[in-house]
Amino acid sequence: MTRVSPFAIAGALAVCALSSIAPAAHADSQKNKNNWRNGAIAGAAVGAYGLTHHNNTLGVIGVAGAAYSAKKYEDERKSQSRASRARARYHRAHRRTHRAR
């Protein structure tokens, strides 16, 4: 039976905490995007640690957390891009109607 190090437990708890806290912080899209990116990096680190130390459970949890955070990061990035395009369309339309007067 292998013994799990305190570092591995702390890393797994950090990934879980980051995954649960990050969605609650709706203050800023860029901040959310950065939190998801950092969560993906932390999850990958925990997964790599687990896999290199032959702890399959920690490895799978870390890799799954990294994949989930990477997906949410990509969703946030696309959402931010859509919002930017919508703002640009609004301002272009407003500029055209303003000049027509």
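This is a predicted model: local features need pLDDT of at least 70, side-chain atom pairs count only at pLDDT 80 or more; totals for chains, interfaces and linings use all residues.
## Helix 2 and what follows

A helix here is a DSSP run of H or I at least four residues long, numbered from the N terminus.

Helix 2 itself covers residues 29-52. How far apart are its end C-alpha atoms? They sit 35 Å apart, and that agrees with the 34 Å its 24 residues should span at 1.5 Å a residue.

## The buried side of the story

Quite a few residues of helix 2 are buried: Asn32, Lys33, Trp36, Gly39, Ala40, Gly43, Val46, Gly47 and Gly50. A bit of helix geometry is handy when reading that list. An α-helix has 3.6 residues a turn, so residues three or four places apart point the same way.

## One aromatic pair

Search the whole structure and you get one aromatic pair. The partners are Trp36 and Tyr68, arranged edge-to-face, with 5.8 Å from centre to centre and 80 degrees between the planes. This pair ties together distant parts of the chain, since Trp36 belongs to helix 2 and Tyr68 to helix 3 (residues 56-100), 32 residues apart.

Are the two partners buried or exposed? Trp36 counts as buried because its relative accessibility is 4%, under the 20% cut-off. Tyr68, at 45%, counts as partly exposed.

Which helix 2 residue can we pair it with for a distance check? Take Gly43, one of the buried ones: Ala67 and Gly43 are 24 residues apart in sequence, yet 8.1 Å apart in space, C-alpha to C-alpha.

Terms used. Residues are numbered from 1 along each chain as its sequence is written. Side-chain values use heavy atoms; hydrogens and water are left out. Rings of Phe, Tyr and Trp (its six-membered ring) pair if their centres lie within 6.5 Å; planes under 30 degrees apart count as stacked, over 60 as edge-to-face and the rest as tilted. Helices (H or I, at least four residues) and strands (E, at least two) are DSSP runs, numbered from the N terminus. Buried means under 20% relative accessible area, exposed over 50%, partly exposed in between (1.4 Å probe, protein chains only). The expected span of a helix is 1.5 Å times one less than its number of residues.
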